[in-house]
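Open the model in your viewer and keep the selection tool ready. We will go stop by stop.

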Amino acid sequence: MEAAAPSTLRKRPLSVRTSTSDDNGTDGRMAPDDELGEPVSPSARLVEDFYIIVVIGAATPLNIPALRAGIEAQLARYPHFRSIQVTDKDGNLRWAPTTVNVEDQLICPALDSAAVAADPDKAVEDYVASLSTLPMDWSRPLWEFHLFDFPTSEATATAAIRVHHSLGDGMSLLTLLMACTRSAADPIRLPAMPPLPTRTGAIYQRPRPSAGALAYLAWLWSFIVLAWHTAVDVVAFFATILCLRDPHTLFKRVNHAESQRKRIVHRSLSLDDVKFVKNAMKCTVNDVLVGVTYAALSRYYFRKSGDTDKEIRVRSILLVNLRPTTSLHACVNMIESGKGSDVKWGNKLGFIILPFFIGKHSDPLDYVRKAKKVVDRKKSSLEVVFTHLAAEVILKLFGLKAAAAIFHRMISHTTISFSNMTGPVEQVEFCGHPVVFIAPSGYGPPEALTVNYQSYVNTIMVNLALDEAQFPDCHELLDDFAESLARIKDAASRLGNQHRKA
């Protein structure tokens with residue numbers, strides 16, 4: 001049975017750029033400056049080939065009129081969601097307000113009925129993979145909802161939201177999306193979210209001790225350590241741009257074609273299990289997830305390669321938005337006012353190069369111990385600030401094409417992209433549809449593997465975006481994530497039993 005699609009919605013999977021497109025991906029139109037909004041940020045121009053995909057599962061069939069009305073009243077009011085990118089008289093990219101027809105942004109693909117009946121999960125997965133090879137229509141706002149109104153093993157209906165990275169980074173876009181949801185338990189209330197990270201003062205600020213010579217010396221020493229770590233990381237950053245490459249492994253990209261089809265898959269893990277390990281190891285949730293990733297990649301590598309016992313060091317790129325995290329209430333106020341200036345928004349990106357270790361350990365907790373050591377070391381560095389400044393300077397000195405080539409070279413010299421995001425701690429409704437899972441990922445970076453974690457209620461979703469030809473067995477890699485967490489949790493349980501006996 002084919003997916004139902006009202007006649008008013010777009011039937012074609014995707015639209016394409018117009019024939020007058022220029023090199024920047026705009027439609028080539030010139031517009032009077034007084035009709036234009038803010039310039040497209042330098043960071044956003046560096047990620048013009050990057051896209052964010054958020055797959056959402058609903059517990060009920062899709063109510064298309066309610067979905068359309070809800071998006072029109074909330075998400076489509078955010079300024080960048082009702083703007084397109086055009087070129088001003090000086091040749092600069094600017095945001096230009098446009099009229100949004102929400103029906104143009106909602107796509108109900110006509111999938112093969114036999115494929116849907118045989119394996120609805122794979123039908124959705126195949127379609128989402130096809131998005132990575134097809135362009136968006138730059139004459140419309142750069143976001144789309146692809147709707148699948150049939151049940152899968154995880155949900156009654158599914159939506160795949162595709163957004164261009166210039167509209168914001170993953171965390172800010174997810175916050176905006178959650179601001180359009182309401183608590184399933186109380187539909188007039190915003191969903192409960194984990195506390196926002198707080199920081200007072202500059203990123204390098206250290207509380208000055210009130211008394212004690214040793215404490216004062218330790219305080220001074222912390223600045224020396226911070227400066228040394230930053231210098232080492234900045235040198236490594238430029239070395240990566242110039243010549244420092246990761247060793248070739250199963251995870252290193254093989255096909256360097258400009259367009260590479262990505263398979264985007266996910267698996268639900270227990271957040272309670274992650275927190276159990278966190279408490280037993282006295283570390284953070286992020287430390288545990290990095291450790292689980294070390295373990296999963298190691299299991300996959302040694303099973304597939306046939307190597308015996310050696311340790312390999314590869315690196316991951318973390319894109320970090322330096323803008324302060326926006327609260328849901330601030331996003332709601334921005335949506336209601338229709339003024340993007342109400343909050344700091346968009347991309348202000350810096351980079352962290354995080355080592356990942358592939359190896360064998362008799363104690364599964366050693367993966368978490370190593371992860372904590374690496375993450376703690378990166379916390380004592382201003383790498384992300386300096387890499388952001390370097391990207392801005394390179395863009396101004398050498399222009400967009402040169403800066404994009406340098407940015408592409410840096411990423412291609414590493415192996416993995418990695419991120420971890422937090423979501424609501426209670427079930428939410430989106431336009432009246434109870435949400436059963438949230439799985440964000442993306443495509444565009446010149447790497448064969450991207451790993452994203454997303455928490456929601458009592459689960460954490462591991463999301464993988466992989467080069468399809470290089471990882472035909474991508475679900476085996478997902479199994480390795482689940483098995484690695486199970487083994488680490490069992491080891492943490494034994495550790496807790498030993499402590500209680502002692």
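Is Phe 223 buried, partly exposed or exposed? Select Phe 223: this residue is partly exposed, with a relative accessible area of 29%. Keep in mind that the model is predicted.

Trp 219 is buried because its relative accessible area, 16%, is under 20%.

How many aromatic pairs does a search of the whole structure find? The count is 22. Trp 219 and Phe 223 make one of these pairs, an edge-to-face one, with 5.3 Å centre to centre and 85° between the planes.

Next, select Tyr 300 and Phe 471. Tyr 300 is buried at 4% relative accessible area. Phe 471 is buried too, at 1%. Their aromatic pair is tilted: 6.0 Å centre to centre, 40° between the planes. Tyr 300 sits in helix H9, Phe 471 in the loop between strand E15 (459–467) and helix H13 (474–501), so the pair ties together parts 171 residues apart in sequence.

Stay with H9 (residues 285–305) and show H11 (residues 365–379). The two pack at about 125°, with axes 8 Å apart. That angle makes H9 oblique to H11. The crossing is right-handed. Colour the contact: in H9 look for residues including Val 290, Gly 291 and Tyr 294, and in H11 for residues including Tyr 367, Lys 370 and Val 374. The contact residues divide into nine nonpolar, three polar and three charged.

Last stop: Tyr 294 again.

Technical notes
Residues numbered from 1 in each chain as written. Predicted model: local features only at pLDDT ≥ 70, side-chain atom pairs only at ≥ 80, totals over all residues. Heavy atoms only, no water. Axes fitted to C-alpha atoms, helices over the stretch in contact; angles between N-to-C directions. Helix = DSSP H or I, 4+ residues; strand = E, 2+ residues; numbered from the N terminus. Parallel < 35°, antiparallel > 145°, perpendicular 65-115°, else oblique. Left-handed = near helix turned anticlockwise from the far one by under 90°. Contact = heavy atoms within 4.5 Å. Nonpolar A, V, L, I, M, F, W, Y, C, P; charged D, E, K, R; others polar. Phe/Tyr/Trp six-rings, centres within 6.5 Å; stacked < 30°, edge-to-face > 60°. Buried < 20%, exposed > 50% of the residue type's maximum accessible area, 1.4 Å probe, protein only.
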